[in-house]
Amino acid sequence: MKPEQMVHMANQIAGYFAGYPREEAGSAVADHLEKFWERRMLQQIFEYVDAGGAGLDELAVEAVAVLKPR
Amino acid sequence: MMIRETDYGTPARIAQTLVMLEIDGAAVTVPRGTSIMRAAIDAGIQIPKLCATDNLEPFGSCRLCLVEIEGRKGTPASCTTPAEAGMKVWTQSPKLAKMRRGMMELYISDHPLDCLTCAANGNCELQDMAGVVGLREVRYGYDGDNHLSAVKDESNPYFTFDPSKCIVCSRCVRACEEVQGTFALTISGRGFASTVSAGGKDFLDSECVSCGACVQACPTATLMEKTVIEKGQAEHSVITTCAYCGVGCSFKAEMQGNEVVRMTPHKDGKANHGHACVKGRFSWGYATHKDRMLTPMIRAKIEDPWREVSWEEAIGYAASEFQRIQAKYGRDSIGGITSSRCTNEETYVVQRMVRAAFGNNNVDTCARVCHSPTGYGLQSTFGTSAGTQDFDSVEDSDVIVVIGANPTDAHPVFASQMKRRLREGARLIVIDPRRIDLVRSPHLQADFHLPLLPGTNVAVINAMAHVVVTENLVAEQYVRDRCEPAAFKRWRSFIAQERNSPEAVEAIVGVSAVDLRAAARLYATGGRAAIYYGLGVTEHSQGSTMVMGMANLAMVTGNIGHRGAGVNPLRGQNNVQGSCDMGSFPHEFSGYRHVSDDAVREMFEEAWSVTLRGDPGLRIPNMLDAAVDGSFKGLYVQGEDIAQSDPNTKHVTAGLAAMECVVVQDLFLNETASYAHVFLPGSSFLEKDGTFTNAERRISRVRKVMPPMAGLADWEVTLALSKALGYPMHYSHPSEIMDEVARLTPTFAGVSYARIDELGSIQWPCNDKAPEGTPIMHVDGFVRGKGKFMITEFVPTDERTTARFPLILTTGRILSQYNVGAQTRRTANNIWHDQDVLEIHPFDAEHRGIRDGDLVSLASRAGDTSLRAKISDRMQPGVVYTTFHFAGTGANVVTTEYSDWATNCPEYKVTAVEVRPVERLSNWQQEYGKSRRETTQILKVP
């Protein structure tokens, strides 16, 4: 998908979990991505974060860090 | 065999006290309040009747059901006289016989004596009663004043009204009032001049919604289906389930051989109790429409004309193309879409084929674009992805909240049940940008209509919950006993914050804080409160958040787990619930179990003799994105028309056009078929066995009444494709598919065709704990254990109005058409709605120089289309509305790619648009017409 669309979707998810305490939110976003995003989508966000992650919510970046080693 | 239900004459009464009486010497015991007529029928004694029928309150006008009661003077009507303890009733005597014969003489003296050529011949209560009372002559002759030359009203496309045959029993008028709740009919005139009137110049011009309740109630041929007039009475009937909305009405398909004569609502149907709407009752002609595609077709490129081939060649070609694509682009380059219009069994085999034969989890269903947020939201809070109540629960509701739903148009039969409860005194809160019919209609007035701005649902529900929490209206004991304490504590702290107060959000949501507070107080303190909601909740960027918000509100007020309460999605299509239950989502097996659950996956692996993937597949919008990106090349679409129904049409069609093999299985050459390489003819609900699961989790049988017109039922086609892919699935009948579902799905463990036949229908969960099913869920505790309050921060959608696009478009459907219109456009329903129109508030119209009926451009950042304007004060200023029933309108050319954060359910309900008068159709529409012609050519074999 277009990078801006991917960023929008990831930020929406981060936006929801931002309502939770910071220490839970990152892993909650990671769990959500793992549960619902197909591997191509995950790969895309991994690569996007590797390339700087412009425009991505901090929680989404944090989620990628949690998710990548899984 | 014709199935004939017993007519008990008057409705059943529910009472703790029983009374015992004697009728014709036989002892009978009935609940207090039961009529003598009904008590007699309970005892096997038929009392003649004409104006009585058991879905209407007794009326006492026909004077045929007179009886004698020991110790009482006169001959009271048995329909209006309640049975009392110790009564001794006589239903037959020379006196009664004489009186009844006298009444029949009067009726027949003003009735055409054309029984042999009458459409009701053999199925006419007047004819039957003449026989029962022994009428042999009419002493008055037939030359007096009469109504025999009264003009027949044939304006309605589905039934006629012949006043010459009317006995003015008022059953039709009462059915319109009591059963349907429309109040379109009345008796006009007095005495001899009394006649049934629809108010307008004829039925078509009236408020009549063509539900057929009057036709069903008519004891003569006065109101008669045109198909019966044309074809005659049926010789056998079969109980089946409607294939339109999620109410899932039970019908009798009345047949002559393999031909449907009429569809009549089945009185024992537990979802509809003998009622119907115009679609289920009359709009079934599409099933045998000349547009049905009955021969498989293939083509190498979508620019080529279609070539008709055998089933073997079509299936073989599809399989070889899928195999070629996977060999070239990888295992994940293909996927499938199941349909909420197909049966449970059909969706189950499609998802099995994708997971087992395609070898990936790229399976999704059209619920993606409607109720997927329901799944997420209710699973997170309650622990299962389904509505909490049966429909009958509404009969015990004291407060009814309707949010983002328009039941009188989209779920008409349930709306009638709801309206009946409202007429009995239940309070009503409507939360909807439009003034839907429920807000104000005959004998109904909502206590509150909160006309919120589209996109602000979550702020509204949070404000209501804020009032509950800050005004000490919390059901503290319930929450303590039933919900997770830590999650509640966190949520309570969140929701109590001032920014969630009605005063803080009123400017955002467009509803006064006073009304928000009053509505919240009513919901929390008005007794048993039920929430019913539709796509106006789910089809938003915060659709899932809103579902959780409603669940929070219900839990905090103790409104889950008992009759009259609950959180209830009104499902759009017949089998949305079922298609989700059957494992159609890319991340879940049947019964909502994630594919990453090793134990569950191993169970399916063993049952299916194949290794399965534990990572989620692509959802529909993701498939299209991947197609545009070049990594998704093949798609099997059963019974869904994504090119018309899904948002941002240009993106959808770009995705489809980028694929190398699209296989469409459908009744008609739909819009998606324009981008297909293989067309496999579908079978209608009349042509196959199976089950549908309605919005109340009710599993009902779909029964085959005619052979598949193209030779194969849909499930057989999927089996053939799977076999051609090297993965044969061995079922000889859909019942065996359901048996497998039951073996592998704990909530379906007790379901089988035999059990459904025995019980009539079953609401899941059905297992050892609930062998007869579960009408109401979460009774002794939530499915997930403790209910979980979820944080529901309001996050405005990124789809904002601007100077360029200053209005908000919201979309929906209307009574006479259904979704993409593939079915209803191929019926006479077009007489009511032959095009999509744009509803616009008078202020917005005047500001733009738009008059009613003008052609206007509807433009968003995604695209533009043109359609006729309808000026309506149902809209609020700043909001416009249209339907998406006609492909040529291209409503989804305008909608955008924004979607629900959790599920990717499209945000159909909020699109920033501008509207202006134009003189011609949009470029998209002009190109559509041309490309549609080109892509639907069928090669004619000389």
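**Cavities and aromatic contacts**

Modeller: This is a predicted model. The largest cavity in it has a volume of about 710 Å³. Lining this cavity are 43 residues, and the closest to its centre are B:Leu535, B:Glu539, B:Thr811, B:Gly812 and B:Lys909.

Colleague: Which elements give two or more residues to the lining of the largest cavity?

Modeller: They are α18 (535-538) and β31 (807-812), both of chain B. The most comes from β31(B), with three residues.

Colleague: What is the lining of the largest cavity by class?

Modeller: There are 18 nonpolar, 17 polar and eight charged residues in that lining.

Colleague: And what volume has the second largest cavity?

Modeller: The second largest cavity holds about 220 Å³ of space. It is lined by 19 residues, of which B:Arg341, B:Cys342, B:Leu667, B:Ser683 and B:Ser684 are the closest to its centre. By class, its lining has eight nonpolar, seven polar and four charged residues.

Colleague: Now the rings. How many aromatic pairs are there over all chains?

Modeller: A search of the whole structure gives 29 aromatic pairs. To class a pair, look at the angle between the ring planes; over 60 degrees counts as edge-to-face. In the pair B:Tyr348 and B:Trp608 the ring centres are 6.1 Å apart and the planes stand at 75 degrees, so this pair is edge-to-face.

Colleague: Where in the chain do B:Tyr348 and B:Trp608 lie, and are they buried or exposed?

Modeller: B:Tyr348 is in helix α9 (residues 344-358) of chain B and B:Trp608 in helix α21 (residues 598-608) of chain B. The pair links distant parts of the chain, 260 residues apart. Both B:Tyr348 and B:Trp608 are buried.

Colleague: Which residues form one aromatic cluster?

Modeller: A:Tyr16, A:Phe17, A:Tyr20 and A:Phe36 form one cluster together with B:Tyr376 and B:Trp901.

Colleague: What about charges over rings? Where does the charged end of B:Arg434 sit?

Modeller: For this contact, check both the distance to the ring centre and the angle to the ring normal. The charged end of B:Arg434 sits over the ring of B:Tyr881, 3.6 Å from its centre. Another case is B:Arg482, with its charged end over the ring of B:Phe782 and 5.0 Å from the ring centre.

Notes
Residues are numbered from 1 along each chain as its sequence is written. Chains are lettered from A and ligands numbered from 1 in the order in which they are written. This is a predicted model: local features need pLDDT of at least 70, side-chain atom pairs count only at pLDDT 80 or more; totals for chains, interfaces and linings use all residues. Side-chain values use heavy atoms; hydrogens and water are left out. On a 1 Å grid over the protein atoms alone, a cavity is a set of points where a 1.4 Å probe fits but cannot get out, and a pocket is an open set with protein on both sides within 12 Å along at least five of seven lines; lining residues have an atom within 4 Å of a point. Grid points are joined across faces, edges and corners, and a volume is the space filled by probe spheres set on the points. Helices (H or I, at least four residues) and strands (E, at least two) are DSSP runs, numbered from the N terminus. Ala, Val, Leu, Ile, Met, Phe, Trp, Tyr, Cys and Pro count as nonpolar, Asp, Glu, Lys and Arg as charged, and the others, Gly among them, as polar. Rings of Phe, Tyr and Trp (its six-membered ring) pair if their centres lie within 6.5 Å; planes under 30 degrees apart count as stacked, over 60 as edge-to-face and the rest as tilted. Buried means under 20% relative accessible area, exposed over 50%, partly exposed in between (1.4 Å probe, protein chains only). A charge sits over a ring if NZ of Lys or CZ of Arg is within 6 Å of the ring centre and within 35 degrees of the ring normal.
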